[in-house]
Amino acid sequence: MIHIDHLKKSYDSFTLECSLDIPKGVITGIVGMNGAGKSTLFKSILGINLIDEGDIQIPDKQDIGVVLSETGLSEFFTVSDMISILKCTYKRFDEDLLNSYCQRFDIPLDKKVRTFSTGMKAKLNIIIALTHHAQLLILDEPTAGLDVLTRDEILDILRDYMEKENCTILISSHISSDLESLCDDLYIIDHGHMMMHEEMDTLLSLYGVLKVSKEDYESLDKDYLLSVLEEPFGYSCLTNERQFYSENYPTIVIEQNHIDTMIPVLLKGERL
Amino acid sequence: MKGLFKKDLLLLKSQIKYIVMIVVICLIMAYANSGFAYISSYLTFMGTGLVFNSFSYDMYHNEMAYLFALPFSKKEYCIEKYIYALTVTFISWLIAFLITSATHINLETVIVQLAMLFSGFIYLSITIPVVIRYGREKATIIVLMLVLLLFLAVASGATSVGMLMSNFSGFILIGIYAFIVLAALIISYRSTISILNDKEL
Amino acid sequence: MHIIINHSSMVPIYEQIVEAIKEAILSNQLSPNEALPSVRALSKELKISALTVKKAYDFLEKEGYTTTVHGKGSYVLEVSQNEVKENCLRETEELLSRAIEKGKCSGITYQEMQDMISLIMEDVYDSH
């Protein structure tokens with residue numbers, strides 16, 4: 001669905017460099033710290049900003065639904081205004097569907113959007129992306145700044161859409177737990193580069209973070225360690241063969257397998 | 001592009017109070033027998049104000065970035081904006097023209113008012129690329145300085161230019177001015193497209 | 001059939017799904033020829049990746065509990081009682097071997113092990 005070949009975009013503070021392929025029918029997540037390059041990547045993919053080098057292929061924008069962080073249609077509009085605009089913009093715009101979503105989420109049609117709460121604005125932005133039967137969704141931090149209940153609602157909306165339309169989703173976030181419950185595939189981006197690309201299932205079942213004292217670390221088999229981070233208690237070690245360590249070192253402490261636990265070790269630790 | 005027109009028209013609709021107020025002031029001025037040139041220039045430049053409001057809406061929260069995520073190209077955005085700008089300015093001018101012509105119309109008034117319209121277009125040609133490049137706030141300052149410079153240049157050369165112009169009839173002068181306006185608009189459009197393509201949103 | 005996933009468990013999620021569905025089939029909560037929920041539907045319900053569900057479904061098919069019709073979905077296969085017992089026997093044997101290996105590693109003698117197993121058996125079989 002999306003094919004990126006050696007994209008390069010330089011700024012003063014960092015350079016974005018990556019190649020990736022987003023296959024059809026898969027939910028791909030991109031996680032990274034603030035300023036890692038997620039929004040830059042998305043804007044480059046959509047052709048909003050120029051790139052220095054590289055080739056990007058995406059489907060026709062009529063088939064793409066987009067959520068960008070911190071922007072959208074003017075907030076001086078009402079939802080009804082937005083409907084008139086979208087009707088002239090997207091060939092397959094589904095007004096009834098948008099109305100039913102708004103009803104479901106208590107979104108008023110005739111009030112200016114700038115009077116909405118943050119959660120409501122976020123839901124509206126997603127709804128707009130989902131109401132023209134898009135085959136590809138590109139969502140840049142759709143759940144940023146939202147409370148946990150609203151985030152859950154939004155993720156459910158996306159799961160529903162995926163089930164009905166079997167589309168492709170590319171979603172970015174700095175909230176790893178959201179991506180864990182949604183994505184099939186994950187990229188970790190840092191300082192403009194992809195540090196890791198793995199299936200979510202593998203990350204959650206085979207990866208783990210070992211916590212060992214300095215002494216135990218000396219005698220530890222380091223063959224299956226990817227990255228090591230020095231800690232006050234000793235070392236945190238990232239491995240992609242959790243089973244090996246849990247079987248051969250039965251007393252070893254293996255952290256909960258969450259992306260949030262892996263990221264510090266991966267990004268701040270020393271690669272092996 | 002249709003969506004872009006719709007967007008700007010809806011935003012125009014929301015400024016209806018402002019528009020009505022301007023027209024009312026215009027009517028009052030006409031009733032008070034203010035000069036036709038003054039009324040014409042007033043309404044024309046108020047029209048350009050509406051045009052720049054549309055840019056403000058597009059840049060308030062970086063809405064422009066989102067517009068380009070939709071099926072709109074930067075070229076379409078430019079074309080729509082210029083058509084919108086010229087149309088809104090023309091209609092504002094037309095309202096003034098109709099109001100002043102109701103009482104008093106001759107060749108001189110027509111030519112002078114056309115000159116006002118063309119000046120409005122020149123103003124747009126200069127300001128649109130500047131606004132796209134620097135944003136609304138900075139643009140206001142820049143344009144103010146440019147206009148001041150232009151004014152000084154014209155003022156200093158006024159007498160000599162004035163003598164030169166008196167050799168030609170009104171028709172020819174307005175014809176030359178129209179040509180200048182066309183050239184200015186084309187240069188302006190090309191610059192805007194170039195600036196927009198390079199712009200980081 | 002409702003599956004509950006324990007995200008904090010060391011058991012991989014796909015394994016948990018496999019076990020839950022197996023259990024449901026063996027206890028007749030799922031009847032032969034009944035359709036399993038679609039991959040997307042189940043991933044939505046459990047809030048996990050669709051690939052994990054697919055992995056579980058593939059595993060179940062390999063083990064002979066289900067069959068997949070391309071384009072339609074996965075269906076429960078008839079499982080004979082013998083096969084069920086075979087399966088249970090196999091699993092119990094595996095678990096016992098592992099437990100006994102572990103005991104041996106920690107230094108438990110042959111006799112100690114035998115005594116322990118008898119005690120546990122008495123307990124478990126008696127309590128029925």
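The model is a predicted one, in which local features need pLDDT of at least 70 and side-chain atom pairs count only at pLDDT 80 or more, while totals for chains, interfaces and linings use all residues. Residues are numbered from 1 along each chain as its sequence is written, and chains are lettered from A and ligands numbered from 1 in the order in which they are written.

Chain B has 7 helices and 0 strands, where helices (H or I, at least four residues) and strands (E, at least two) are DSSP runs numbered from the N terminus. With a radius of gyration of 18 Å, close to the 17 Å that the globule rule gives for 201 residues, chain B is as compact as a globular protein of that length. The radius is taken over C-alpha atoms, and the rule is 2.2 Å times the number of residues to the power 0.38. Those C-alpha atoms fill a box of roughly 50 × 35 × 25 Å along the principal axes.

We can now turn to the partner chain. The contact takes 22 residues from chain B and 23 residues from chain A. On the side of chain B that touches chain A, helix 1 (2-13), helix 4 (63-67) and helix 7 (170-198) each supply at least two residues. Helix 1 of chain B gives the most, with 6 residues. The residues of this side of chain B comprise 11 nonpolar, 5 polar and 6 charged; Ala, Val, Leu, Ile, Met, Phe, Trp, Tyr, Cys and Pro count as nonpolar, Asp, Glu, Lys and Arg as charged, and the others, Gly among them, as polar.

Definitions and conventions: Two residues are in contact if their C-beta atoms, placed from the backbone, lie within 7 Å.
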